[in-house]
Amino acid sequence: MVNVAGRSRGCATCRKRRVKCDETLPECLRCLNMGLKCPGARTDAFFIHAVPSASLRDSSSALTLIKVKHEPSSQISAINHLSQLPGPQPSPAGAFDQLFVSHFIDGFFGSVRPPLPIPGGSSRIWLHELPDFLASPSPSPVQSSIRAASMLSYGTAVGDASIKTEACRWYMRALQSLRLLLGSSSPETSVCAAVMLTHFETLAGTSPRAWLKHIKGAASLLEAQGPERCKSGFFHQIFSHLRLQTFVASMAENELHPFASPEWMTIPFEIHPKLIFDKLVDILFAVERCLSVASRLITSTADKAHQLKHKLNILIQDTRLQIHQWRLEGLLYAFGQEQQEQERATPILDAHLDASDPRHFMLPYTDIPSAALVTLYDTANIIVLRLLCLVSLTAASYNSRIQHHTESILSAHGMTNAAPSAVLGRSSIMIVQQLKTVALWSPSPRQRKLAVEILEGQISQNRGFADISAPSHEYFADVAAYILDHYSVE
């Protein structure tokens with residue numbers, strides 16, 4: 001009788017040596033460290049009831065997963081069900097992995113999931129590499145981290161506490177193996193492991209700012225490779241994905257990240273041109289450069305203030321030009337070439353146009369992914385237009401436009417609240433940093449108060465980003481407070 005209560009689930013080698021096994025698959029860490037042959041930990045008995053002709057890509061609705069408890073009645077039930085299954089079944093562990101990973105990938109794209117790459121070709125989607133990493137015969141921290149993040153995502157979506165508990169076990173194994181094997185693992189798997197642990201923490205929040213540590217770790221690994229290594233292949237894919245997370249992390253620490261430097265903004269995109277998302281992240285790093293100078297300006301002595309003010313003004317105008325160009329490209333996606341050409345002739349710095357019709361600068365969104373993208377555009381506008389107070393006498397004329405951008409973010413939050421519970425967790429994370437911007441940077445007391453109330457409500461719902469949601473000195477809050485104190489709102 002196997003796997004009865006009280007029996008060890010450790011691998012045969014550890015049981016023979018009478019030592020505790022960490023039960024890591026496909027080989028336990030103890031055997032791996034000792035250089036011993038490991039058959040892998042014993043697993044629970046379970047089966048899969050597969051709906052005929054169902055695609056594995058739609059496995060979240062096509063598969064019914066049932067674990068068999070170690071009780072005689074359950075075993076009899078399992079045998080009865082097993083006799084009804086059509087033909088040989090796939091490996092249970094592989095099917096579970098594929099289910100969780102497929103759900104994790106779908107959580108990023110929803111109904112607009114991009115096609116899989118052509119065999120032998122290249123893909124700009126790093127998520128396509130996850131199944132290969134997971135199926136690799138060589139033990140690596142990335143396998144445990146992929147299981148941890150994908151299981152937690154699935155368990156959270158379906159409300160299954162047992163799956164979330166198992167995800168936490170894989171997370172602890174991933175942390176342990178990452179510490180032990182970091183030097184011997186390939187850079188690709190190490191970076192991927194750190195990124196997946198970040199996604200785990202944004203949902204789980206096992207410790208304060210743990211997500212931040214993983215992002216910084218992944219970014220450091222990429223920095224060690226250098227921008228040349230990030231021009232193609234998996235490093236390019238994961239770099240493109242990690243840039244936004246790195247921006248969020250550096251804003252949380254009021255720092256200008258190295259990824260905002262000219263070499264990191266250009267060299268990694270010499271082979272693969274920037275997509276509209278990449279260009280938006282460029283804008284966010286440009287905003288961060290403005291904030292870095294503004295932070296020094298408000299604390300500078302009189303003799304340095306003039307020089308910093310001049311530098312800030314140049315950076316703001318350059319950032320506004322990038323925003324204007326990105327908006328034209330956004331209009332092309334939303335309305336087509338004719339609308340873009342009509343907008344191209346609009347004067348970029350026409351204050352009268354700003355005052356007469358602030359809605360002219362708004363962009364629409366119809367679903368959560370487009371809302372997340374547009375509200376990042378809104379975020380950049382809010383901060384840059386507020387920073388004009390430090391360099392321009394006409395800054396107050398933009399207050400109405402700023403409030404339109406903040407209302408866009410608040411409306412996007414309403415859209416995510418109305419989303420199905422299965423996607424609500426990830427959707428709320430996508431709007432957190434934008435709400436933080438409203439709470440700190442809006443000239444409207446009502447909007448700031450509403451954003452703070454929303455963020456405080458999210459602290460209990462989303463433990464992973466609770467420290468970002470909470471009021472704090474992050475996001476260059478000292479600069480925002482300085483502008484609120486020294487420049488009245490008309």
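Predicted model: local features only at pLDDT ≥ 70, side-chain atom pairs only at ≥ 80, totals over all residues.
Gln 245, with 13% relative accessibility, counts as buried, because buried here means under 20% relative accessible area. Setting aside residues up to four places away in sequence, Gln 245 touches Val 195, Thr 198, His 199 and Ile 215.

**Helix 9 against helix 11**

Next, select residues 187–204, which form helix 9, together with residues 233–252, which form helix 11; the two pack at an angle of about 30°, with their axes 11 Å apart. That angle makes helix 9 roughly parallel to helix 11, and the crossing of helix 9 past helix 11 is left-handed.

Which residues make the contact between these two helices? On the side of helix 9, show Pro 187, Glu 188, Val 191, Cys 192, Val 195, Thr 198 and His 199; on the side of helix 11, show Phe 234, Phe 235, Ile 238, His 241, Leu 242 and Gln 245, the residue with which the tour began. Coloured by class, the residues of this contact divide into 8 nonpolar, 4 polar and 1 charged.

Step just past the end of helix 9 to Gly 205, where phi is positive, at about 60°.

**Helix 7**

Now move to residues 141–158, which make up helix 7; this helix has 18 residues and reaches 26 Å from its first C-alpha to its last, close to the 26 Å expected at 1.5 Å a residue. Because 16 of the 18 residues of helix 7 are buried, this helix is largely enclosed by the rest of the structure. Following helix 7 comes Gly 159, and its phi is positive, near 70°.

**Helix 13 against helix 17**

For a second pair, select helix 13 (residues 276–297) and helix 17 (residues 368–387), which pack at an angle of about 25° with their axes 10 Å apart. Helix 13 is therefore roughly parallel to helix 17, and helix 13 passes helix 17 in a left-handed crossing. From helix 13 the contact takes in Phe 277, Leu 280, Ile 283, Leu 284, Val 287, Cys 290, Leu 291 and Ala 294, while helix 17 brings Leu 373, Leu 376, Tyr 377, Ala 380, Ile 383, Val 384 and Leu 387. By class, this contact has 15 nonpolar residues, no polar residues and no charged ones.

**Two loop residues with positive phi**

Finally, visit two loops. Select Arg 18, in the loop between helix 1 (12–17) and helix 2 (29–34), where phi is near 60°, a positive value in a residue other than glycine. Is Arg 18 buried or exposed? Its relative accessibility is 77%, so Arg 18 counts as exposed.

Then go to Tyr 475, in the loop between helix 21 (466–469) and helix 22 (477–486); the phi of Tyr 475 is near 60°, a positive value in a residue other than glycine. With a relative accessibility of 1%, Tyr 475 counts as buried.

Methods:
Residues numbered from 1 in each chain as written. Heavy atoms only, no water. Helix = DSSP H or I, 4+ residues; strand = E, 2+ residues; numbered from the N terminus. Expected span 1.5 Å × (residues − 1). Buried < 20%, exposed > 50% of the residue type's maximum accessible area, 1.4 Å probe, protein only. Axes fitted to C-alpha atoms, helices over the stretch in contact; angles between N-to-C directions. Parallel < 35°, antiparallel > 145°, perpendicular 65-115°, else oblique. Left-handed = near helix turned anticlockwise from the far one by under 90°. Contact = heavy atoms within 4.5 Å. Nonpolar A, V, L, I, M, F, W, Y, C, P; charged D, E, K, R; others polar.
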